[in-house]
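Please work through each task before reading its solution.

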Amino acid sequence: MKQTLPSDDAQGYHSIAELAQITNESIAVWRKRIFFRQIAYTKCGKNVRVSHQTLQDWLRARTVQAATLSNGGHEAEAR
C-alpha cells in the first residue's frame, strides 16, 4: 500500500477515485468505508472528499510494525 502522497496534494482533498488509486484498492471498498463512516469525510453536494491529513492519519493507524524477536531469530515454542 502506498503511504505517502505527492507533495502537490499535501494540503488538498481527495476524491474516492483518487483514494482508490493512491491505496491500490477498489472504489467500492472506499465507498463502503465512507458509508460505514470508517474514515472522516467532507461532503460538498454530491461529491465526497477526504482530506490529505485524514488519509495520512488513517493510513498511519493501520500501519503494522515489524516484530522483533529477542531470542536470536527463533520463536519460543509454546508448551
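Predicted model: local features only at pLDDT ≥ 70, side-chain atom pairs only at ≥ 80, totals over all residues.

**Exercise 1.** Determine how many aromatic pairs a search of the whole structure finds, and classify the pair of tryptophan 30 and tryptophan 58.

*Solution.* The search returns two aromatic pairs. A pair of aromatic rings is described by the distance of the centres and the angle of the planes. For tryptophan 30 and tryptophan 58, the centres are 5.1 Å apart, which lies within the 6.5 Å cut-off. Their planes stand at 55 degrees, so the pair is tilted; stacked would require under 30 degrees and edge-to-face over 60. Tryptophan 30 belongs to helix α2 (residues 27-35) and tryptophan 58 to helix α3 (residues 52-61), so that the pair links distant parts of the chain, 28 residues apart. Both tryptophan 30 and tryptophan 58 are buried.

**Exercise 2.** Describe where the charged end of arginine 33 sits, and list the contacts of arginine 33 beyond four places in sequence.

*Solution.* Arginine 33 is placed in helix α2. Its charged end sits over the ring of tryptophan 30, 4.7 Å from the ring centre. With a relative accessible area of 14%, arginine 33 is buried. Leaving aside residues up to four places away in sequence, arginine 33 touches Glu25, Gln38, Ile39 and Trp58.

Terms used:
Residues numbered from 1 in each chain as written. Heavy atoms only, no water. Phe/Tyr/Trp six-rings, centres within 6.5 Å; stacked < 30°, edge-to-face > 60°. Helix = DSSP H or I, 4+ residues; strand = E, 2+ residues; numbered from the N terminus. Buried < 20%, exposed > 50% of the residue type's maximum accessible area, 1.4 Å probe, protein only. Lys NZ or Arg CZ within 6 Å of the ring centre and 35° of its normal. Contact = heavy atoms within 4.5 Å.
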